[in-house]
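Have the 3D view ready as you read.

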Amino acid sequence: MATVKLSLPSRSYDIRIEPGALTRLGARVKEICPNPPRPKVALMADAALEGTHAVVAAKSLGDAGYDCVRATMPSGEEHKTLDTVRKLYEPLLQARLDRKAPVIALGGGVTGDTVGFVAATYLRGVPLVQCPTTLLAMVDASVGGKVGVDVPQGKNLIGAFHQPQLVVIDTDTLKTLPVRELRCGLAECVKHGVIRDPSLFDWIGDKFSNIMALDADTLVELVTRNVQIKANVVMADERETGERAHLNFGHTFAHAIESTTGYSAFHHGEAVSLGMLAAARLAVSLGRAGGGCEVEVSQRLEALLAKIGLPTRAELPDTDTLMDAMLADKKVSGGKLRLVLPLRIGAVELVSDAPPEAVRAAWDSLRG
């Protein structure tokens, strides 16, 4: 087992990473929410997990003495909406869960974000436990307290900061993950390498075959290294007033791709792959990439993404539509795009003066 501790002024919590962690979920929850006389807990899972991981989690909670209120939400980004949130309130209200009853999110990033928003707003906030079951959610969405939903105008425009009290990561769940989703999760791992850790960037390429073979030790190391990077950034800037924005590398482009294609043509990691490449090429065109390896930055990134099996070219909506979608992003400030661009592998900067024509050219570089 590996444990990463995330310490903030208002709250500290552990991120537990180990194979088989869901079988010990009840004991972990008791550590943060000791049993009252009539303990209740809400387990809210992706519907696709109802017959598998949700059964394991519910049994563990029951064995620990909890009365487990069960709820499911449909799979897919298109269900990450306020309407789904409203429906998820119903079982909590019906069971009369109080403010001490933890809500557990079991699933990928869509489930974690949506159920997290439910926990942030039900009774003005109840304890949240994140149990991510996808690589993408393990290394990104489950850590840091960002929760929320999408609206037609854009991705994650309605949300809150609501830190979990515990994150339980069972790396065995990756054995049931479709290969496409595993590759998508690696996009966020690559992102962490670009923004903070060149050795991780190289390690992903070197260990790619072990990762895809689901080697247990490799998966624990992969998740732990990435979670530690995410935790370090969050501890430095919980509310995204500065450094935490670096985690958005590639995401302003990616969110525009997702919103203009109805959140269905591309999985999130695939959109992030394209978005990172667009940002890297933009950095090269602006002369931002440094260290004497301007073109090499985007070339190395493209090579690794291609090795993983992530897209480096795609059929996209017209550039005007994509530009308009970017301006609806929540990271726009004073009408200007705030983009995270690489200086080199391992370092990025926040840029708000990129000429529109250069951004358009970056979009165009993805076509074909």
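This is a predicted model: local features need pLDDT of at least 70, side-chain atom pairs count only at pLDDT 80 or more; totals for chains, interfaces and linings use all residues.

Residues are numbered from 1 along each chain as its sequence is written, and side-chain values use heavy atoms, with hydrogens and water left out.

**Overall build**

The protein has 14 helices and 11 strands. Both are DSSP runs numbered from the N terminus: helices are H or I with at least four residues, strands are E with at least two. Along the principal axes, the C-alpha atoms fill a box of roughly 65 × 40 × 35 Å. A compact globule of 368 residues would have a radius of gyration near 21 Å, so the protein's 20 Å agrees. That radius is taken over C-alpha atoms, and the globule rule is 2.2 Å times the number of residues to the power 0.38.

Of the 368 residues, 58% count as buried. Buried means under 20% relative accessible area, exposed over 50%, and partly exposed in between (1.4 Å probe, protein chains only).

**The cores**

What does the largest nonpolar core look like? It holds 79 residues, and those with the most contacts inside it include Ile-15, Phe-253 and Leu-301. Helix H11 (residues 268-286) gives the most to this core, with 10 residues. A second, separate core has 24 residues, among them Leu-92 and Phe-117. By definition, a nonpolar core is a set of buried Ala, Val, Leu, Ile, Met, Phe, Trp, Tyr and Cys residues joined through side-chain atoms within 4.5 Å.

Zoom in on Leu-301: leaving aside residues up to four places away in sequence, it touches Val-190, Val-194, Phe-201, Phe-249, Met-276, Leu-277 and Ala-280. Contact here means heavy atoms within 4.5 Å.

Most residues other than glycine have a negative phi.

| Residue | Phi | Loop | Relative accessible area |
|---|---|---|---|
| Leu-123 | about 55 degrees | between helix H4 (109-121) and strand E6 (128-132) | 34% |
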